[in-house]
Amino acid sequence: MTSKQYKHNELGLSDGQVIDMYKYMLLARKFDERCMLLQRAGKINFHVSGIGQETAQVAAAFALDREKDYFLPYYRDYGFVMAVGMTPRELMLSAFAKAEDPNSGGRQMPGHFGSKRLRIVTGSSPVTTQVPHAVGFALAAKMQKKDFVSFVTFGEGSSNQGDFHEGSNFAGVHKLPVIIMVENNQYAISVPVHKQLSGKVSDRALGYGFPGIRVDGNDALAVYAAVKEARERAVAGEGPTLIEAMMYRLSPHSTSDNDLAYRTKEEVEENWKKDGLAKMKQYLIDCGLWDEERDADLAAQLSMELKEATEYADNAPFPKPEDTLLHVYADDESGGKQ
């Protein structure tokens, strides 16, 4: 079998790109695991994990235009933001709440990603408020006749919030170039999906006049194909797409959560068998692009990169008290604050 017959080649991905996908997935997994350990060691205060969700996040990033599009991720999207250009050092500075943190200068909790350089728009703590913002960026694209799209993510619990419905309605009415991806990880903190929803999140798109699809979030190539098609529709003026990526949160909701209080160990172990990271590794091996030796080398390389990022962030200075209002108020013409 030649490389042209592999599924990723059929989707327009080179061998190198699909290997890079896996590298970012593994980097996100290792970053997440390190942050969990750092919190338990008392080095950082809090961490919200995305273990089990990296596959869909990274695949989506590869399907977007990382030089043009605008991104409005939610607090679990470590894999996504690293795939579009954020570095482990930048994310560690945020985890340690240091002054050099490019997201918020150490003022926000980890997971509040923001980068003007990368067009990552910072979200606020109330969940789902990023959806109307994403729709606003899409409206700007349409008004300015530019070919970028906005891409927004959140969990399935957030799809019950009014911001999702209002944003979706506006986007549907005006046929805006926005892609809405719901990372359905089966739990809104401790509430299982069968107690949150009657039906599919993706079906809700029908009420707003645009397509809604459900895809296996543990299948990187399936997610890539769905987001790629959604982007093509958006830039062609065909409007929004809602993508429901089905996955499972393999870790607790956060470092403050005891997940075994609301789900069983057996349930979690069963879902580990469906882990998208392991699936992607096996796919590369089956394609003859990867082997265990290369995997071990990559794991060692990423561990060293994360070690250096951690040491840098640990030794970096905290924000100064006198800088509390820095970037909060704009300077007026007289040099004062307004």
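**Entry 1: the largest pocket**

How do the residues of the lining of the largest pocket divide into nonpolar, polar and charged? I looked this up and found ten nonpolar, eight polar and three charged. In my notes, Ala, Val, Leu, Ile, Met, Phe, Trp, Tyr, Cys and Pro count as nonpolar, Asp, Glu, Lys and Arg as charged, and the others, Gly among them, as polar.

I am working with a predicted model, where local features need pLDDT of at least 70 and side-chain atom pairs count only at pLDDT 80 or more, while totals for chains, interfaces and linings use all residues. Residues are numbered from 1 along each chain as its sequence is written, and side-chain values use heavy atoms, with hydrogens and water left out.

I wrote down what a pocket is: on a 1 Å grid over the protein atoms alone, it is an open set of points with protein on both sides within 12 Å along at least five of seven lines. A cavity is a set of points where a 1.4 Å probe fits but cannot get out, and lining residues have an atom within 4 Å of a point. Grid points are joined across faces, edges and corners, and a volume is the space filled by probe spheres set on the points.

The largest pocket holds about 330 Å³ of space. I counted 21 residues in its lining, with Tyr75, Arg76, Val127, Ile189 and His253 nearest its centre.

**Entry 2: the second largest pocket**

This pocket has a volume of about 260 Å³. Its lining has 14 residues, and Ser104, Gly105, Arg107, Leu326 and His327 are the closest to its centre. I sorted that lining into six nonpolar, four polar and four charged.

**Entry 3: closed spaces**

Rolling a probe the size of a water molecule over the atoms shows where empty space is left. How many cavities of 30 Å³ or more does a search of the whole structure find? I noted three.

The largest cavity contains about 150 Å³ of space. Its lining is made of 15 residues, and Pro73, Tyr74, Tyr75, Gly123 and Ser124 are the closest to its centre. Seven residues of this lining are nonpolar, eight are polar and none is charged.

The second largest cavity has about 60 Å³. Among the residues lining it I found Phe31, Cys35, His47, Tyr78 and Leu91. Helix H2 (15–40) and helix H5 (88–95) are the elements that give two or more residues to this lining. H5 gives the most, with three residues. The lining has seven nonpolar residues, five polar and no charged.

**Entry 4: helix H2**

I used DSSP runs for the elements, numbered from the N terminus: helices are H or I with at least four residues, and strands are E with at least two. H2 has 26 residues and reaches 38 Å from its first C-alpha to its last, close to the 38 Å expected at 1.5 Å a residue. That expected span is 1.5 Å times one less than the number of residues. Just after H2, I spotted Gly42 with a positive phi of about 80 degrees.

Two strands pair if DSSP finds at least two bridges between them. Strand S1 (residues 70–72) and S2 pair in the parallel sense over three bridges, and Leu72 has Val152 in S2 as its bridge partner. Six bridges join strand S2 (residues 150–155) to S3, and these two run parallel. Along that pairing, Ser150 has Val178 in S3 as its bridge partner, and Gly155 stands opposite Glu183.

Are the residues of S3 buried or exposed? Buried means under 20% relative accessible area, exposed over 50% and partly exposed in between, with a 1.4 Å probe and protein chains only. In strand S3 (residues 178–184), seven of the seven residues are buried. Val178, Ile180, Val182 and Asn184 are on one side, with Ile179, Met181 and Glu183 on the other. S2 also has six of its six residues buried, with Ser150, Val152 and Phe154 on one side and Phe151, Thr153 and Gly155 on the other.

**Entry 5: Pro252**

I found Pro252 in the loop between strand S7 (241–246) and helix H9 (265–272). Why does Pro252 count as buried? Pro252 counts as buried because its relative accessibility is 18%. The C-alpha atoms of Pro252 and Phe31 are separated by 15 Å, though these residues are 221 apart along the chain.
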